[in-house]
Amino acid sequence: MMDRTGLEERIFELVSYIAVSARNLLEEPARYGPLRLVDTASRLIDIIEKEGVASKRLTMIRQKIEEGKYTAMGTEEEFQAFLESLVLLLVEQIERESE
Amino acid sequence: LIDILTVIKGRRSVRKFKPEPVDRDILMKLLEAAVWAPSGGNAQTWRFVIVTDKKVMRKIRMVSPGLLGDPPAVIVIAQDLDQAKRKGGKMGYEALTKMDSAMAAQNIMLTAYSLNLGTCVIASFHAASVGRLLGFPDSIQPQLIVSVGRPAVDPSAPPRQFEEIIWWESYDG
């Protein structure tokens, strides 16, 4: 049977990150909200990749997030463009599912 | 020796670090810079905790969403609010402690940059939880965290305004 201790720890870390983010976002800059959401997605993909659940599309999405998430610290237009391009990347993948 | 304006302009917020540890002597040098920052009313009510232990770091990271990039060290800048109230009154308690923490953080970051280290100042953490995990009494409030390590990235500089925000003698905006 696979040892799930490491997985449980990483999920616990992620849950903590999400819960503390939720609390802090009540007072933090608005754009930190989308930043935490996409960062959570990246962290989630990282966790399951380490569990051997890797896929080309998930890896591509994680890389896209890691490359662009800090545009949150740039201009509003840059961050919006990054988020828009991330969504378009996802849509491409959704379209491929139905092919 | 790097001149001060070069250091100020060269510093970046680093959010990805190499895993190599930072020497204790270097971390103490950063703290030396911190305590030479200005302090409102010379109150010096700041308190500093250096975290390098991986287990402690993991706990701090879990309650600090803004702490990114796995730094090998962080410096938690806290303030003794009871002492600040006694020494600085309402202004000391409500405002000067935050200014003092920020100025200490800047000294840490500039000194770190001059030593080829990357840093990022972080306010996105749950202060009460960080205080609890580090064993602070209620009167000591964490205000900022500075991550420290060898940078794994070389971020570009965001543009700065200059002429649009400065006036001589009176405001004419």
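Predicted model: local features only at pLDDT ≥ 70, side-chain atom pairs only at ≥ 80, totals over all residues.
# A chat about chains A and B

Student: Which residues make the contact?

Tutor: On the α2(A) side the contact is made by Pro34(A), Leu35(A) and Val38(A), while α4(A) contributes Phe79(A), Phe82(A), Leu83(A) and Leu86(A). Sorted by kind, the residues of this contact are seven nonpolar, no polar and no charged.

Student: OK, switching to charges. How many salt bridges are there over all chains?

Tutor: The count comes to 15 salt bridges over all chains. As background, side chains of opposite charge can pair when their charged atoms come close.

Student: Which residue does Arg57(A) meet in a salt bridge?

Tutor: The side chain of Arg57(A) meets that of Glu97(A), at 2.9 Å from N to O. This pair links distant parts of the chain, since Arg57(A) sits in helix α3 (residues 56-68) of chain A and Glu97(A) in helix α4 (residues 76-97) of chain A, 40 residues apart. Arg57(A) counts as partly exposed at 36% relative accessibility, whereas Glu97(A) is exposed, with a relative accessible area of 52%.

Student: What about Arg23(A), which residue is its salt-bridge partner?

Tutor: Arg23(A) forms a salt bridge with Glu27(A), and their closest N and O atoms are 3.1 Å apart. Here Arg23(A) is partly exposed, at 36% relative accessibility, and Glu27(A) is exposed, at 59%.

Student: Which residues are linked in a network of salt bridges?

Tutor: A network of salt bridges links Asp39(A), Arg43(A), Glu66(A) and Lys69(A).

Student: And in chain B, how far apart are the closest N and O atoms of Glu94(B) and Lys90(B)?

Tutor: They are 3.4 Å apart, in a salt bridge between Glu94(B) and Lys90(B). The two residues are four apart in helix α4 (residues 81-114) of chain B, so about one helical turn separates them. Glu94(B) counts as partly exposed at 43% relative accessibility, and Lys90(B) counts as exposed at 61%.

Student: New topic, the sheet in chain B: in what order do the strands come?

Tutor: Four strands of chain B form an open sheet in the order β1-β2-β4-β3, with antiparallel pairing. At the edges stand β1 (46-51) and β3 (118-122) of chain B, each with a single partner strand, so one side of each is left without a neighbour in the sheet. Direction ignored, neighbouring strands of this sheet are turned by 20° against each other on average.

Student: How many bridges pair β3(B) with β4(B)?

Tutor: β3(B) and strand β4 (residues 140-149) of chain B pair over five bridges, in the antiparallel sense, and Ile122(B) stands opposite Ile145(B) in β4(B).

Student: Which helix lies across β1, β2 and β4 of chain B?

Tutor: Helix α5 (residues 127-134) of chain B lies across β1, β2 (73-80) and β4 of chain B, and runs at about 80° to β4(B).

Student: One more residue to look at: is Met57(B) buried or exposed?

Tutor: Met57(B) is buried, with a relative accessible area of 4%, and is found in helix α3 (residues 54-62) of chain B. Not counting residues up to four places away in sequence, Met57(B) touches Val51(B), Thr52(B), Pro71(B), Pro72(B), Ala73(B) and Val74(B).

Student: And how far apart in space are Ile4(B) and Leu110(B)?

Tutor: Their C-alpha atoms are 8.6 Å apart in space, although Ile4(B) and Leu110(B) are 106 residues apart in sequence. Ile4(B) lies in helix α1 (residues 4-10) of chain B and is exposed, with a relative accessible area of 56%.

Technical notes
Residues numbered from 1 in each chain as written. Chains lettered and ligands numbered in written order. Heavy atoms only, no water. Pairing = 2+ DSSP bridges. Axes fitted to C-alpha atoms, helices over the stretch in contact; angles between N-to-C directions. Contact = heavy atoms within 4.5 Å. Salt bridge = Lys/Arg side-chain N within 4 Å of Asp/Glu carboxyl O. Buried < 20%, exposed > 50% of the residue type's maximum accessible area, 1.4 Å probe, protein only. Nonpolar A, V, L, I, M, F, W, Y, C, P; charged D, E, K, R; others polar.
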